[in-house]
Amino acid sequence: MKDFFFPNSVAVIGVSTHPLNLGKEIAGNLLEFKYTGEIHLVGVDGGILFGRRIHKSVEEIPDSIDLAIILTPAKTVPDILEQCGRKGIRRAIIETGGFGEYDQSGQSLGEKLKQTANHFGMRFIGPNCIGIMNASNGLAAPFARLKNVFRRGGVGIIAQSGGMALTYLNLFDSEQLGFSKFAAIGNKLNVDENDVLEYYVEDPETSVICMYLESIEDGRRMTDVARRSPKPIVVHKANVSSLSSSVAQSHTQALANDDRVVDAALSQAGMVRFRDISSYVDFVKILQLPRMKGRNLAIVSRSGGHAVIGADAAHAHGFRLPPFQESFLAEIRKHLRADVIRLANPLDLGDLFDFEVYVRIIEHTLKQETVDGILFLHTYFAAVEGAPSRKLLQTAASLSTKYGKPCAMCVMSEQSELSRLHEEFDFPIFLCPERTVQALDRSIKYQQRREFIASGHKLATPDPPADDHSLGILISSLGREGRSPLLHEALDVMKLAGLAVPGHRVIHDSEFAEEALNDLAGPYAVKVIAAGVSHKSDQGGVVLHVADKEAARGVVREMVDRFGGAGEAGFHGVLVQKMLPRRPGTYELIVGGKRDPQFGPIVLVGAGGIFVEVFGQASLRMAPLSIEEIEEMIDELPGAEILKGFRGIPPVNRESLKDAIVRIAHLMVNYPTIDQIDVNPVLVSSAGTTVVDARVFLKA
């Protein structure tokens, strides 16, 4: 990837002297940004542009070319790319659209591009993109005409959308954030976001990686790169609707739709995901400040109202407001005009007008061991206090750096003054107390996640091991038959995996029910086994709390009569299962697995039973998992505290629940033909964890 960003020579293909020609704009940008390499122009009409000859073909250029930037009609691009290959060019940016992004007609052209690239060993970015920029050498490939006004800094931008890439470039620049690299990658037919991401992680000029994505090509590769990254990776993921077409098949599928998987996987890998632009930019800004190492926050405000708003936000995000020392407050009182404000944390300085005292207050506060950071809320009219306020903000920023603690400055003033601050200062200025506190909160959570990943937790494996020999035979046999396990077979899979399953019998003919139940004591749960009956309880295919054998025979007979004649339902018999007692402290959960097309095997745990999709409460992770990650999953569940025991009800056997999740993860990781697992309900109590019902779906 470095060859894209540091070419010694560039050929811009598709240039003409026509006023509306976009290739001309690319060449103009290279000159505007003072690109340090050689620039060659190519266009079928020839001519002179910017004092340079326009070659009619790339093959006319006598010199070697490192990078081709192509913007010509789509139908001409495959032949031009082949000319580049023959010329020895191994990197290209294809900015032309019309390669299947809007309809199917251009897909064959895209296939030709990929074939040509493979033949010549080329890599290309695009098509349908605006290309890349490099702040350090002036490489600027967009066809939108730009001015060389952007700050240089450490932000590396990756975006599918050229418009969003330029939007973030402008936003970052207006918020004192300079860029290092910029890549708008379009259709991603060759180079994708992971290729650029890997390069940015290693790039010494990039310190923060900012991504805008509408799709993810290989989520598992992305998260593997992110785990290793010492740099923050911030993602604005749009296009969040579920891509699943089989939600009705499985509770797991409904709970683990695509956007939930994206959320869970990115977080698990230490990436920070946002859905809106404002929060995204706030977070990147807060990263420019020293790290906040704890949740002890001091609020220093010139306005009592803003102090209250800041305190409310701090409470909402779990910050503590430690009290100030009385000797410190007494010193401040000496400078008050009327001493009509009760001094505390938050510190309302509305009666204090000496900015030099403000500086001493900020410095003293940063020195305190009980304070991890400051939220400084400052309001002023620029025409009256502009110069001293700007000096105050500059000094506060210097003190923040000196003491290694964040002083997040939120300024309320005229729009013209705020614009001036953004233009002149090289440290972040925030405009809203709530958003500032939210950014501080996200920065702490990000650091905690990175520390968790860095601790290197060992991946969990079933102990004792699963019966993988028998599992392999069973799953392979089902695969050869081209079907997924039936209910009793799914329970067999669970049992072979090492999970506790109640005793049960399969009855195909109601006349033999009594004999089959001789050694199975009641009470019973009776369930139909039918390939066409997915949610059994919705169709009368489950009867619980059947008291004895005689009652069980009657229920079995009724189910055989009702479902046995319906050949289209795929009736395979009736399962009679020992009914487990539901004592206080027994909870129904769901444990499931899904093979996501981008992120691979996913495991979830959530509230189970018949209302599983109504509550929609589930925690997800990519598998394999560590025990520590499983602990996180359980603790994330709403109401998880009740599992620890409540009002005399004993805590559940947490070790057995963790073991069950480990074993479901083992199935998802080690048996790639398993597409989904739906274990619902799993009964969890102080006695242990038992699988009552299960469905396993193999790949079609």
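User: Is Ile 70 buried or exposed?
Analyst: Ile 70 counts as buried because its relative accessibility is 0%, where buried means under 20% relative accessible area with a 1.4 Å probe and protein chains only, exposed means over 50%, and partly exposed lies in between. This is a predicted model, in which local features need pLDDT of at least 70, side-chain atom pairs count only at pLDDT 80 or more, and totals for chains, interfaces and linings use all residues. Residues are numbered from 1 along each chain as its sequence is written, and side-chain values use heavy atoms, with hydrogens and water left out.

User: Which strand is Ile 70 in, and what is it in contact with?
Analyst: Ile 70 belongs to strand β5, residues 67–70; strands (E, at least two residues) and helices (H or I, at least four) are DSSP runs numbered from the N terminus. Leaving aside neighbours within four places in sequence, its contacts (heavy atoms within 4.5 Å) include Ile 13, Val 77, Leu 81, Cys 84 and Ile 93. Leu 81 is 11 residues away from Ile 70 in sequence, with 8.4 Å between their C-alpha atoms.

User: Switching to the core, which residues touch the most other members of the largest one?
Analyst: In the largest nonpolar core, which has 53 residues, they are Ile 93, Leu 197, Met 211 and Phe 599; such a core is a set of buried Ala, Val, Leu, Ile, Met, Phe, Trp, Tyr and Cys residues joined through side-chain atoms within 4.5 Å. Apart from it lies another core, of 51 residues, with Phe 172 and Leu 377 among them.

User: How do α6 and α7 sit relative to each other?
Analyst: Their axes come within 10 Å and cross at roughly 10°, the axes being lines fitted to C-alpha atoms over the stretch in contact, with angles from 0 to 180 degrees between N-to-C directions. The two helices are therefore roughly parallel, a label for angles under 35 degrees, with over 145 roughly antiparallel, 65 to 115 roughly perpendicular and the rest oblique.

User: And which residues meet there?
Analyst: Glu 193, Leu 197 and Val 201 are among those in α6 that meet α7, where the residues include Arg 221 and Met 222.

User: What about the open sheet, what is its strand order?
Analyst: Its 7 strands run β9-β8-β11-β10-β12-β13-β14 with mixed pairing, and two strands pair if DSSP finds at least two bridges between them. β8 and β11 pair in the antiparallel sense over 4 bridges, and Ile 132 has Ala 183 in β11 as its bridge partner.
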